[in-house]
Amino acid sequence: MRRIIIKIGGSVLTDKNREQLIVRQNVIKRLAKEIKKVKEIGYEVVLIHGAGSAGHPIVKRYNLRGGLFKEEQRRGVVEVQEKLNELSSKILMGFLEEDLPLFRVTTSSIVILRHGRIKKIFIDPIKQALEYGFIPLLSGDLAFDEIRKIAVCSGDQLAFEIAKMLNVKLVIFGVDVDGIYPTSSLEGEPLKEVSFKGLSKLVSKLGGSKGIDVTGGMRGKILEALLHPWYFERGGEVWILNMLKEGMLIRALKGEGTFTRIRP
């Protein structure tokens, strides 16, 4: 059984243009059906979701991106945890309606950061969830940092680190556009394919996110990929596709549809 990591962006699951948490329940229900098909065609899935409006506006409001250095920021940490719990719970129940048992693994409980980068990750709960027939569910989150006390652990960074520890060769990023466009204006067609070596040339042309995003949007994803050359050296691929479009995930796995493949 081939193992893959699917990271569903916060821009897919929530309205990132809103300060309050607006969850797209219809999208969760549809994606549950699609991931059920993914399982049926022989894939083992690790699922990561972005924070979207459950996290980014609060992190920005309390300036948590830079670390924990003021008393009132602790309130922001709690607010992020509460909203992430709400979003994750809606995903858990939405998937359960399709008889897909998710097992939530709280990122902040298994990760230790240093300067915002993952230094340690306790992978055993994820391995055991897979072994016992669950789909592990993680998210971007705030986590303890050895230098900053608290820092953002993005779902994008998490995806690569889990890929390393589980020897995963395919990471799929579900976003709200059709892939990587050659310019930030999103005009024309997205790139069908780009090599790892070609990524660095694209960075300066790419924008961030249409909503509030403290992790850098599409540009952040490319920068994160560039920090993991080992993943591509051992034959790993990253696909970036539009998960707001019905059926795109299944079509991509069948080699169809419009999306961007980042290859070694």
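Colleague: Is Asp99 buried or exposed?

Modeller: This is a predicted model, in which local features need pLDDT of at least 70 and side-chain atom pairs count only at pLDDT 80 or more, while totals for chains, interfaces and linings use all residues. Residues are numbered from 1 along each chain as its sequence is written, and side-chain values use heavy atoms, with hydrogens and water left out. Asp99 has its place in the loop between helix 4 and strand 3, where helices (H or I, at least four residues) and strands (E, at least two) are DSSP runs numbered from the N terminus. Buried means under 20% relative accessible area, exposed over 50% and partly exposed in between (1.4 Å probe, protein chains only), so with a relative accessible area of 63% Asp99 is exposed.

Colleague: Is the phi of Asp99 positive or negative, and what is its value?

Modeller: Most residues other than glycine have a negative phi. Although Asp99 is not a glycine, its phi is positive, at about 60°.

Colleague: What is the relative accessible area of Asn167?

Modeller: Asn167 lies in the loop between helix 7 and strand 9, and it also has a positive phi, near 55°, in a residue other than glycine. Asn167 counts as partly exposed because its relative accessible area is 48%.

Colleague: How many Å apart in space are Gln81 and Ala51, C-alpha to C-alpha?

Modeller: Gln81 is found in helix 4 and is partly exposed, with a relative accessible area of 38%. Gln81 and Ala51 are separated by 30 residues in sequence, whereas the C-alpha to C-alpha separation in space is 10 Å.

Colleague: Which residue in strand 9 is the bridge partner of Ile5?

Modeller: Strand 1 (residues 2-8) and strand 9 (residues 170-175) run parallel and are joined by four bridges. Within strand 9, the partner of Ile5 is Val171.

Colleague: At roughly what angle do the axes of helix 7 and helix 9 cross?

Modeller: Axes are lines fitted to C-alpha atoms, for helices over the stretch in contact, and angles run from 0 to 180 degrees between N-to-C directions. Angles under 35 degrees count as roughly parallel, over 145 as roughly antiparallel, 65 to 115 as roughly perpendicular and the rest as oblique, and helix 7 and helix 9 are therefore roughly parallel to each other. The axes of helix 7 (residues 155-166) and helix 9 (residues 217-226) come within 9 Å and cross at roughly 30°.

Colleague: Which residues of helix 9 does helix 7 meet?

Modeller: Contact means heavy atoms within 4.5 Å. On the helix 7 side the residues are Asp156, Gln157 and Phe160, and those they meet in helix 9 are Lys221, Glu224 and Ala225.

Colleague: Which residues of helix 9 make the contact with helix 8?

Modeller: The axes of helix 8 (residues 196-203) and helix 9 come within 10 Å and cross at roughly 140°, and the two helices are therefore oblique to each other. Helix 8 contributes Phe196, Leu199, Ser200 and Val203 to the contact, and helix 9 contributes Arg219, Ile222, Leu223, Ala225 and Leu226.

Colleague: How many of the ten residues of helix 9 are buried?

Modeller: The buried residues of helix 9 are Gly217, Met218, Gly220, Lys221, Ile222, Glu224 and Ala225. Helix 9 is thus mostly covered, and of its ten residues the number buried is seven.

Note on methods: Two strands pair if DSSP finds at least two bridges between them.
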